[in-house]
Number of protein chains: 4
Amino acid sequence: MPRLTIHRLPMAHPGDVSALASLIGAGLPADSIRAVIGKTEGNGGLNDFTRGYFTQSLLHLLAERTGEAPAALGARIPCVLSGGTEGVLSPHYVVFAVDRASGGEAGLAIGTAFGPPVAPGDVGNGAQIARVAAAVRAAMADAGIADPAGVALVQVKSPAGGPGLLLRSVAGGAMGAALALGDVPAAEATGDALLERGDLFSARVSASAGVEVERDEVVVLGTAPGWAPGLRLGVRAMADALDLAAVQGAFRDAGLDVAPDVPPAQRPRLRAVIAKGEPDRTHRIRGQRHTMLGDIDIDAQRHLRGALGAVIAAVAGDGRVFVSGGAAHQGPPGGGLVAVIAAEEA
Amino acid sequence: MPRLTIHRLPMAHPGDVSALASLIGAGLPADSIRAVIGKTEGNGGLNDFTRGYFTQSLLHLLAERTGEAPAALGARIPCVLSGGTEGVLSPHYVVFAVDRASGGEAGLAIGTAFGPPVAPGDVGNGAQIARVAAAVRAAMADAGIADPAGVALVQVKSPAGGPGLLLRSVAGGAMGAALALGDVPAAEATGDALLERGDLFSARVSASAGVEVERDEVVVLGTAPGWAPGLRLGVRAMADALDLAAVQGAFRDAGLDVAPDVPPAQRPRLRAVIAKGEPDRTHRIRGQRHTMLGDIDIDAQRHLRGALGAVIAAVAGDGRVFVSGGAAHQGPPGGGLVAVIAAEEA
Amino acid sequence: MPRLTIHRLPMAHPGDVSALASLIGAGLPADSIRAVIGKTEGNGGLNDFTRGYFTQSLLHLLAERTGEAPAALGARIPCVLSGGTEGVLSPHYVVFAVDRASGGEAGLAIGTAFGPPVAPGDVGNGAQIARVAAAVRAAMADAGIADPAGVALVQVKSPAGGPGLLLRSVAGGAMGAALALGDVPAAEATGDALLERGDLFSARVSASAGVEVERDEVVVLGTAPGWAPGLRLGVRAMADALDLAAVQGAFRDAGLDVAPDVPPAQRPRLRAVIAKGEPDRTHRIRGQRHTMLGDIDIDAQRHLRGALGAVIAAVAGDGRVFVSGGAAHQGPPGGGLVAVIAAEEA
Amino acid sequence: MPRLTIHRLPMAHPGDVSALASLIGAGLPADSIRAVIGKTEGNGGLNDFTRGYFTQSLLHLLAERTGEAPAALGARIPCVLSGGTEGVLSPHYVVFAVDRASGGEAGLAIGTAFGPPVAPGDVGNGAQIARVAAAVRAAMADAGIADPAGVALVQVKSPAGGPGLLLRSVAGGAMGAALALGDVPAAEATGDALLERGDLFSARVSASAGVEVERDEVVVLGTAPGWAPGLRLGVRAMADALDLAAVQGAFRDAGLDVAPDVPPAQRPRLRAVIAKGEPDRTHRIRGQRHTMLGDIDIDAQRHLRGALGAVIAAVAGDGRVFVSGGAAHQGPPGGGLVAVIAAEEA
């Protein structure tokens with residue numbers, strides 16, 4: 001009977017996993033770690049190597065503490081790193097661990113799955129959608145979630161697929177998960193719909209892609225029988241990058257007050273904040289022109305993460321927010337989603 | 001007996017003043033324009049020429065419509081342009097005009113003043129502080145505001161003073177205005193205090209500096225007898241870039257609801273939103289490390305504007321927010337201030 | 001009987017045309033100016049407004065000195081500004097003027113032409129190719145050059161056509177000029193060939209595009225009867241961005257020594273250095289991987305200009321080199337061309 | 001009796017050491033490796049983590065192949081990584097290995113040394129100068145070079161020392177090495193002279209600094225008795241970033257032809273090209289204004305590396321050039337130096 005515990009840890013630089021080393025030293029079993037989701041301070045683009053650096057450092061640490069080879073660990077623990085801590089965002093990582101000795105009636109469960117190796121360029125198409133949907137179903141089974149309605153959030157990471165394909169791969173991963181959850185009809189979840197059909201989306205899928213990823217990786221969070229209670233996950237679609245009411249709503253759904261931000265006494269209960277968003281492709285937000293998409297000095301996704309991240313961090317109370325750009329099929333076009341996990345007690 | 005009117009206008013690019021041309025064509029007397037404050041889509045640094053381009057375009061338009069020479073107009077109309085519309089921010093400009101034919105018991109008044117020509121490099125010192133303080137007093141007199149307590153907001157723009165001096169010049173302008181308002185004691189408002197004494201600040205001063213500026217320019221807004229009622233200005237200090245409660249407070253002080261943002265029906269009443277902020281020099285915000293100051297790909301002020309601007313825009317309801325970095329002595333260190341002007345009726 | 005004179009002038013910032021004002025003050029007739037080609041210190045992308053700022057400043061100056069309206073001047077004087085003075089490059093502009101009172105047997109001639117207004121988006125297709133080809137023929141006629149073999153260099157600037165179309169517009173302009181010169185067969189100079197058929201190019205065409213441009217603008221330089229002698233133009237294709245031998249060849253063709261650079265005593269004879277190049281799309285140069293195309297912090301064209309500009313400047317002896325990226329159909333793929341104009345006497 | 005061998009290897013990304021793995025697999029003894037100097041594709045600034053990533057990857061590989069711990073290897077093998085492959089530069093690394101079984105009358109020798117651990121911030125002062133000078137003397141002894149005149153090139157890497165100190169640390173490392181070589185008088189090699197006394201320099205010292213470095217690391221190359229012949233090292237001061245004649249001179253001194261570049265048949269003989277340079281602090285190169293120092297979009301050192309690297313690569317024949325900015329006291333102000341190592345046979 002398992003209990004999910006979630007640890008939000010700081011990093012001094014992308015090669016720094018000393019906070020996890022300390023946590024393991026203080027008693028967290030290294031082999032209880034099931035997934036890691038984090039933000040590193042790179043640029044978030046194809047030439048962002050901070051994700052690979054962190055992952056290599058993490059796997060070497062876990063290899064040292066578990067005796068397993070780094071490659072074997074990397075093949076069973078999804079490590080979803082997103083580069084880019086623009087503005088007020090703070091580099092950090094969230095460790096999901098499972099204590100098998102405890103449990104309860106029903107609680108927040110985690111399940112993971114890896115897809116098969118992906119041939120170069122084989123992303124952004126129907127094959128990726130099918131692959132990811134299958135991996136999501138496998139992760140649900142791993143968590144013990146039978147009904148897609150029980151899934152609170154799916155995190156997907158897919159290979160970038162090469163220059164020019166990164167956003168397509170993000171879209172394909174999102175569509176695959178949305179298909180598995182039943183949030184998009186199977187007949188419409190096609191390769192042709194990717195990046196085109198903004199009306200097809202799931203507001204409980206966070207997808208990304210990276211050059212250092214070789215297989216689709218999936219983490220599913222949701223309610224399942226037998227898991228210990230104590231964690232709540234709230235998730236809301238955001239209509240646009242300024243949707244402050246939706247942000248507050250996600251925090252409230254996780255059991256926190258917002259007045260207008262989370263009160264300092266409740267902030268230690270926060271376990272993870274995860275968001276997706278994207279620069280509105282119409283070049284306008286609520287009728288006013290934005291300049292994110294035409295700036296050749298700063299990548300549009302960097303603009304977006306800095307802005308959206310700040311809106312969420314202002315409600316959360318600090319900058320430990322996982323914000324990732326490229327939100328196709330993850331919430332409405334020009335918007336996205338925000339998920340909050342909080343403990344019922346600090 | 002005057003009435004202040006404020007017009008918030010879009011620009012399609014930094015040389016586009018067609019919205020003002022239309023407004024003049026529709027009846028706004030060109031010679032009633034007293035000041036312009038705007039955001040252009042440059043990078044906001046020493047090599048941002050969008051401010052000069054907009055100003056040149058503006059002055060040519062006004063010259064054509066008033067018959068005055070561009071240089072003469074530039075010497076009497078403060079044009080405070082701030083580069084950088086990162087994230088959700090939208091390029092726009094706010095035109096302050098005065099209709100001499102109306103008036104009332106007391107209302108929001110405007111006064112302007114220009115200092116003498118500044119020798120290259122003569123910024124960031126006691127001389128600048130004295131020059132700016134004198135200009136602020138002149139602008140108060142111009143507005144008819146006798147008591148510094150009646151001043152709601154001062155906007156200062158000073159010459160950049162050359163490479164490496166830009167932030168010092170911003171600090172000097174802020175300190176000069178703070179001195180004139182009595183928000184900082186005269187004995188402490190010295191050149192040595194600039195950028196060092198974070199405890200010395202005014203939360204009703206917005207200062208900036210630019211390479212294209214040759215003299216200190218000052219705009220004072222506040223309550224004065226004889227001016228028409230109908231506009232309200234709220235201003236709040238922000239403790240840090242995430243101070244959402246302060247942002248909401250400024251909007252409330254201007255007579256607007258926040259739930260959590262300004263309701264759509266009230267948004268047309270917004271006339272101007274002006275904010276200052278800066279990347280926390282401790283490299284931390286609420287205990288969490290930020291990376292703004294160590295990123296050589298994106299200037300720290302661009303990071304800050306994108307983040308702070310988004311927090312404010314999320315409350316305002318759109319991205320027409322004047323956010324400017326370099327907030328030394330304008331609100332507390334690591335924080336800044338936010339000012340909101342709204343009409344009582346749309 | 002005309003004489004072409006060429007003046008290479010510095011600018012302190014993109015709004016600075018004081019050097020030309022001085023030249024006019026010293027006797028250059030303002031109405032003798034036929035074309036201006038220059039480099040401004042913007043980023044060279046869609047959000048580079050330094051080109052528009054310089055052009056506005058230039059036209060206001062010429063309007064003041066000639067009595068013509070700025071718009072009328074802009075409609076007859078091609079102003080080809082390229083943003084981006086990366087690395088050792090220096091902001092400058094080259095003014096081409098014609099003295100009608102002198103002349104000779106045959107010499108370097110200039111001709112200019114403007115195409116019709118271009119509908120938004122109507123670039124990068126067969127229509128643009130035909131429009132530009134016609135404009136090139138008109139400019140040849142204006143110069144008095146009957147045979148395309150007499151053309152030494154064509155400079156084209158076309159409207160950017162909107163987001164995503166900039167490089168297509170450059171390609172269309174280049175193809176149109178190549179067609180007019182007979183360097184590409186008419187049957188192959190089609191819209192489909194743009195950016196696809198790297199084997200179709202002219203090594204005597206320099207093309208660019210800009211958001212501020214509304215019509216195709218063409219400048220032709222070549223040998224024509226009746227023009228005064230004294231200027232020589234050398235042009236060479238560059239096989240890649242490291243083609244130092246080709247660079248030296250162009251300078252030698254213009255009558256200068258290279259040992260390995262132009263000797264200091266000959267440098268005052270330089271009148272203009274114009275080059276086009278592009279990051280090799282194979283991601284390799286001479287078998288070694290380059291990283292220009294995958295860097296989201298620095299635009300690939302900025303990388304290219306900085307590198308190619310330095311190679312040419314090292315031969316020229318200083319950084320007053322017009323280097324523009326986007327070299328499709330202007331020299332071989334991955335390479336480009338370099339043109340040098342020098343006077344026979346200083 | 002030793003022989004120095006030098007291997008120039010490609011990397012597909014900053015974590016890729018597969019080329020070295022192959023070389024070891026093909027027979028290069030892993031324990032023969034004495035130093036590694038390389039360029040990674042980061043931004044070269046404080047937030048460039050590609051250097052640490054590569055170093056971690058390298059040390060893990062060598063640990064696996066030698067059985068020594070990564071930390072122990074890092075404490076005896078200088079790994080001098082410089083971030084930034086702007087423009088035509090190509091990510092690569094140069095491995096210096098020593099075969100103890102061979103030797104000769106006299107040849108190119110290598111010696112290395114590490115200084116003691118450096119306290120945070122203890123760079124850019126007299127202490128660093130003394131520390132580095134001692135380390136250079138130790139490295140000379142290690143190589144068997146008794147007379148400083150026999151030293152051809154010193155490579156130094158020091159800790160960055162924290163925000164704002166990076167360029168000071170580079171200067172301190174350079175001055176320390178210059179002192180040890182006798183190129184700067186002991187009485188003048190003081191902390192006060194750093195970054196101030198441009199007249200104090202050595203044209204055979206390449207220094208850098210990095211956030212990931214904890215101790216001063218030194219590599220000395222020069223002629224010593226008993227080492228095998230077959231490698232030649234040429235080094236020249238560059239008067240400025242356009243000093244093409246100096247670049248050609250260094251290649252000639254290494255025994256290669258330049259016509260104007262190294263002929264293709266000789267290029268396989270190249271073993272390493274190492275250069276230092278900096279943006280001229282006067283804002284001018286040969287009288288023309290450059291814009292590197294005022295661009296907030298691209299770091300000045302990135303501009304410089306792109307430009308200087310291209311000039312050198314154009315002579316070398318490809319982009320495998322180690323170019324590092326921050327050249328204080330390494331060649332004349334505004335200039336720098338270039339060193340070339342070539343084998344007498346391919």
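Me: How are α6(C) and α7(C) placed, oblique to each other or roughly parallel?
Reply: In this predicted model, helix α6 (residues 244-253) of chain C and helix α7 (residues 300-316) of chain C pack at an angle of about 45°, with their axes 10 Å apart. Angles under 35 degrees would count as roughly parallel and 65 to 115 as roughly perpendicular, and α6(C) and α7(C) are therefore oblique to each other.

Me: And which residues make that contact?
Reply: On the side of α6(C) they are Leu244(C), Val247(C), Gln248(C) and Phe251(C), while α7(C) brings Val311(C), Ile312(C), Val315(C) and Ala316(C). Sorted by kind, the residues of this contact are seven nonpolar, one polar and no charged.

Me: Switching to the chains, how many residues of chain A are in contact with chain B?
Reply: There are 42 residues of chain A in contact with 42 residues of chain B, and the two chains bury about 3200 Å² between them, with 58% of that on carbon and sulfur atoms. In chain A, the residues that lose the most area to chain B are Leu242(A), Gln288(A) and Arg289(A), which together give 19% of what that side buries.

Me: What does Arg289(A) form a salt bridge with?
Reply: Its partner is Glu41(B), with the closest N and O atoms 2.7 Å apart, and the count between chain A and chain B is four salt bridges.

Me: How many salt bridges are there across the interface of chain D and chain A?
Reply: The rule finds zero there, although 11 residues of chain D are in contact with 11 residues of chain A, and the area buried between these chains is about 1000 Å².

Conventions. Residues are numbered from 1 along each chain as its sequence is written. Chains are lettered from A and ligands numbered from 1 in the order in which they are written. This is a predicted model: local features need pLDDT of at least 70, side-chain atom pairs count only at pLDDT 80 or more; totals for chains, interfaces and linings use all residues. Side-chain values use heavy atoms; hydrogens and water are left out. Axes are lines fitted to C-alpha atoms, for helices over the stretch in contact, and angles run from 0 to 180 degrees between N-to-C directions. Helices (H or I, at least four residues) and strands (E, at least two) are DSSP runs, numbered from the N terminus. Angles under 35 degrees count as roughly parallel, over 145 as roughly antiparallel, 65 to 115 as roughly perpendicular and the rest as oblique. Contact means heavy atoms within 4.5 Å. Ala, Val, Leu, Ile, Met, Phe, Trp, Tyr, Cys and Pro count as nonpolar, Asp, Glu, Lys and Arg as charged, and the others, Gly among them, as polar. Buried area is the accessible area (1.4 Å probe) that two parts lose on being put together, summed over both. A salt bridge is a side-chain nitrogen of Lys or Arg within 4 Å of a carboxyl oxygen of Asp or Glu.
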